Amino acid sequence: MNIKHIAAYLVVCSLVVALQPIPGLAHQNSGASTRSAKETPAERDGQHDFDFEIGTWKTHLRRLVHPLTGSTTWVELEGTTVVRKVWNGRANLIELEAGGPEGHFEGLNLRLYNPQSHQWSLNFANSNDGTMSQPTVGEFKNGRGEFYDQETLNGRVIFVRFVISDMTADSCRFEQAFSDDGGKTWEVNWIATDTRVTNKSEASRASVQPAATGGQHDFDFEVGSWKIHLKRLDRRLTGSTTWVEFDGTSVTRKAWGGRADLEEFETDSPAGGHIEGLTLRLYDPQTHQWSLYWATSKSGAVGPPTIGEFKNGRGEFFDTEPSGPNGRAILCRFVWTNTTTNSPHFEQSFSDDGGKTWEVNWITDQTRVKDEPDKAH
């Protein structure tokens, strides 16, 4: 369980500002304020925007070989896409595998819904490096989804646009386009047309099953359902010795044929409140390391990864936080131990002296729930 961004989720700040109206002015504007409130449309809840896509699909891909070079050479691939709901519908996980005369492609996409902005962030990874790219963020309007981000291509900064359209119960269309002139013109470089697979036997064969490599099975011990007990240090890196305790459950499932896994957890505490988190772990077959991405249900976005590996039954994962407790840049370390038992142990630590000393601030102990895979939530 990875909780490096949990402080922002747990610290609930209530700011009440009392504005004293100028006598007479409030009375004059009361009618206008009432009309304005009535005319303001309610924010659209888009949490179910991707429900139409849950299931298994045949995918036909066309990819422009050299975008933004004037190239007109396209390659075509045929494959399968599997889309699953996760996190009680506030996220979904897409696994895509396609191939053709020009090669083979495998991709994974984690889509997260932000209940505050009513937007989705689309986080993509391919099987070559096991890391996520810059998220593409946007929303659906009038049956069309548009998502944008800024990236670098061949050393130049460009805009990226991802469009979902022509959605029916059994088909949909995806397009990716690039712009290197600030969005004035767009060049489409990726087109995918999906057709739903309705045959159950065909759908059951559609999951991606790559060959095992290196440390791909390092997190197999986590697969299943768990009871969890958490301890969180209050006011980290301040000398505090006050801990807040939580109890809850977690479920971890394999994805991407075992080269990734997805954990959903939920806990409660009389002193600390309610926490819901999601962790996506991706394996890089080149470096034999794992990238751990964390999100909370409050933000619907993933932070930068914590990266590392297992050695001699101990997993260590590190990253840097430019703005940690008290606004100071810190180092962050995750450690997994007891992974060969039914009671694995997890600790998070911070260091603000370059790794000379570490303060443990989060401890998780798990107990496996036997034969109850569907009772953890």
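This is a predicted model: local features need pLDDT of at least 70, side-chain atom pairs count only at pLDDT 80 or more; totals for chains, interfaces and linings use all residues.
# Strands, rings and loops

User: Where is Ser269 found?
Analyst: Residues are numbered from 1 along each chain as its sequence is written, and side-chain values use heavy atoms, with hydrogens and water left out. Strands are DSSP runs of E, at least two residues each, numbered from the N terminus. Ser269 lies in strand β13 (residues 260–269).

User: Is Ser269 buried or exposed?
Analyst: Residues under 20% relative accessible area are buried, those over 50% are exposed, and those in between are partly exposed (1.4 Å probe, protein chains only). The relative accessible area of Ser269 is 9%, so the residue counts as buried.

User: Which backbone nitrogen does the Ser269 side chain reach?
Analyst: Polar contacts are pairs of N or O atoms within 3.5 Å; within protein, one atom must be able to donate a hydrogen and the other to accept it, and residues adjacent in sequence count only if both atoms are side-chain atoms. The backbone nitrogen, at 3.0 Å from the side chain, belongs to Gly272.

User: What does Val244 touch, leaving out residues up to four places away in sequence?
Analyst: Contact here means heavy atoms within 4.5 Å. Val244 sits in strand β12 and, at 10% relative accessibility, is buried. Beyond four places in sequence, Val244 touches Leu230, Lys231, Arg232, Ser269, Ala271 and Gly272.

User: How are the rings of Phe246 and Trp362 arranged as a pair?
Analyst: Rings of Phe, Tyr and Trp (its six-membered ring) pair if their centres lie within 6.5 Å; planes under 30 degrees apart count as stacked, over 60 as edge-to-face and the rest as tilted. The structure holds 23 aromatic pairs, and one of them is stacked because the rings of Phe105 and Phe124 have centres 6.2 Å apart and planes at 5 degrees. For Phe246 and Trp362, the centres are 6.4 Å apart and the planes are at 25 degrees, which makes the pair stacked.

User: How many residues apart in sequence are the parts that Phe246 and Trp362 tie together?
Analyst: Phe246 is buried, at 0% relative accessible area, and Trp362 is buried too, at 0%. Phe246 belongs to strand β12 (residues 243–255) and Trp362 to strand β20 (residues 359–368), so the pair ties together parts whose separation in sequence is 116 residues.

User: Which ring does the charged end of Lys231 sit over?
Analyst: A charge sits over a ring if NZ of Lys or CZ of Arg is within 6 Å of the ring centre and within 35 degrees of the ring normal. Arg90 does this over the face of Trp87, at 5.5 Å from the ring centre. For Lys231, the ring centre is 5.0 Å away, and the ring is that of Trp243.

User: Why is β18 largely enclosed by the rest of the structure?
Analyst: Strand β18 covers residues 330–337. It is largely enclosed because the buried residues among its 8 number 6.

User: What is the phi of Asn312?
Analyst: Most residues other than glycine have a negative phi. Asn312 sits in the loop between β16 (306–311) and β17 and is exposed, at 84% relative accessibility. Although Asn312 is not a glycine, its phi is positive, about 55 degrees.

Key. Helices (H or I, at least four residues) and strands (E, at least two) are DSSP runs, numbered from the N terminus.
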